[in-house]
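I opened my notebook to look up how the parts of this structure sit against each other. Here is the model I worked from.

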Amino acid sequence: MCAHPASRDADAMSVIEVSELRKSYGGRPVVDGVSFAVQEGEIFGVLGPNGAGKTTTVECVEGLRVPDAGRVRVTGLDPIADHEKVARVLGAQLQQSELQAKLTVREALELYASFHARPADWRPLAERLGLTGRLTTRFAKLSGGQKQRLFIALALIGNPRIVVLDELTTGLDPRARRDTWDLIEDIRANGVTVLLVTHFMEEAQRLCDRIAVIDKGRVAALDTPAGLIRRSAGATVISFTPSAPLDDADLDALPALASVEHHDGRVTLSGTDETVSAVLTLLARLHITAHQLRVTEATLDDAFLDLTKEAAA
């Protein structure tokens with residue numbers, strides 16, 4: 001497993017460029033002006049709730065759907081006009097992937113290798129993905145995690161520069177999900193750019209260098225996971241039961257305060273680290289003890305709820 005780079009080179013090449021992408025079905029806009037760029041060598045997340053337009057967006061990137069308007073380029077190529085060339089540099093694991101039930105793992109790997117002029121050697125690929133012991137197993141007999149590993153292998157077998165992984169860990173148990181996350185980090189460590197489509201906040205926070213949050217067909221925000229969290233209303237929450245009543249005026253005067261709640265004698269404040277420091281200073285000055293003190297940092301889930309709330313407003 002590799003660590004995230006602290007930052008990416010500002011001059012790094014964009015291998016995917018999406019500008020003002022639009023797609024409608026039956027007169028209803030599903031993708032409504034989406035724009036983002038993916039730099040070479042990063043894990044770029046497309047995050048959003050079900051039905052937000054994530055999959056339609058990446059299907060336009062893959063050349064599986066024709067946009068109504070806007071511009072898409074993959075390594076400078078048009079996914080529709082230059083579909084065959086794009087297929088040589090982009091591998092994809094689709095959201096609804098299935099194979100013929102009686103096809104064995106070996107047969108699937110050999111079949112997909114035959115589709116490419118210069119395929120990767122599937123044997124070390126199968127070993128790296130833990131499939132060597134399942135080569136004679138039929139697809140229908142594979143577990144959910146094994147199927148996902150096979151789909152990753154099939155997406156990588158053409159030696160792509162870019163791989164698109166769409167809702168990769170949906171339906172997996174926690175252990176299989178975390179094993180799959182390790183595999184995604186290994187893929188990037190081997191020089192492959194990853195476009196990861198997900199609605200799992202923990203997955204996006206752990207894996208992605210940058211994230212485009214898509215809601216109702218539009219980009220609600222685009223930033224690093226840490227940047228999105230910092231932008232949320234109240235990145236830090238402090239809660240406690242005071243030993244004596246607190247004056248609301250003192251609490252309202254706290255710096256960077258986002259909200260104050262009182263429930264059954266317990267006080268919960270959201271803000272920043274500065275807010276936490278200030279409330280502790282206030283309590284000390286007033287000689288008030290904070291019983292059952294708890295400080296928690298916001299997560300990407302909190303940031304996402306704030307962002308989509310703003311988009312809905």
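How are helix 5 and helix 6 oriented to each other? I found that helix 5 and helix 6 are roughly parallel to each other (angles under 35 degrees count as roughly parallel, over 145 as roughly antiparallel, 65 to 115 as roughly perpendicular and the rest as oblique).

**Ground rules.** I noted that this is a predicted model, where local features need pLDDT of at least 70, side-chain atom pairs count only at pLDDT 80 or more, and totals for chains, interfaces and linings use all residues. Residues are numbered from 1 along each chain as its sequence is written, and side-chain values use heavy atoms, without hydrogens and water. Helices (H or I, at least four residues) and strands (E, at least two) are DSSP runs, numbered from the N terminus.

**Entry 1: helix 5 with helix 6.** I looked up the angle between helix 5 (residues 144-156) and helix 6 (residues 174-189): about 15°, with the axes 10 Å apart. Axes are lines fitted to C-alpha atoms, for helices over the stretch in contact, and angles run from 0 to 180 degrees between N-to-C directions. Next I listed who meets whom (contact means heavy atoms within 4.5 Å). Helix 5 brings Gly145, Arg149, Ile152 and Leu156, and helix 6 brings Ala176, Asp179, Thr180, Leu183 and Ile187. By class, this contact of helix 5 with helix 6 has five nonpolar, two polar and two charged residues. For the classes, Ala, Val, Leu, Ile, Met, Phe, Trp, Tyr, Cys and Pro count as nonpolar, Asp, Glu, Lys and Arg as charged, and the others, Gly among them, as polar.

**Entry 2: helix 3 with helix 5.** I then turned to helix 3 (residues 105-113), which packs with helix 5 at about 20°, the axes being 9 Å apart. That makes helix 3 roughly parallel to helix 5. Val105, Ala108, Leu109 and Tyr112 of helix 3 make the contact with Leu150, Ala153 and Leu154 of helix 5.

Entry 3: I found three strands in an open sheet, in the order 2-1-4, with antiparallel pairing. Two strands pair if DSSP finds at least two bridges between them. Strand 2 (28-39) and strand 4 (69-74) are the edge strands, each pairing on one side only. The twist averages 15° from one strand to the next. Strand 1 (residues 14-25) and strand 2 are joined by nine bridges in the antiparallel sense, and Val18 has Phe36 in strand 2 as its bridge partner. Helix 1 (residues 54-62) lies across strand 1, strand 2 and strand 4, at about 120° to strand 1.

**Entry 4: a salt bridge.** How many salt bridges does the structure hold? I noted 17, each a side-chain nitrogen of Lys or Arg within 4 Å of a carboxyl oxygen of Asp or Glu. One of them joins the side chains of Glu17 and Arg71 (3.6 Å, N to O). The pair links distant parts of the chain, with Glu17 in strand 1 and Arg71 in strand 4, 54 residues apart.

Entry 5: My last stop was an open sheet of four strands, in the order 11-12-10-13, with antiparallel pairing. Strand 11 (259-263) and strand 13 (290-297) are its edge strands. Strand 11 and strand 12 (residues 266-271) pair over five bridges, and Ser259 has Ser270 in strand 12 as its bridge partner. Helix 10 (residues 273-285) packs on this sheet, touching strand 10 (236-242), strand 12 and strand 13.
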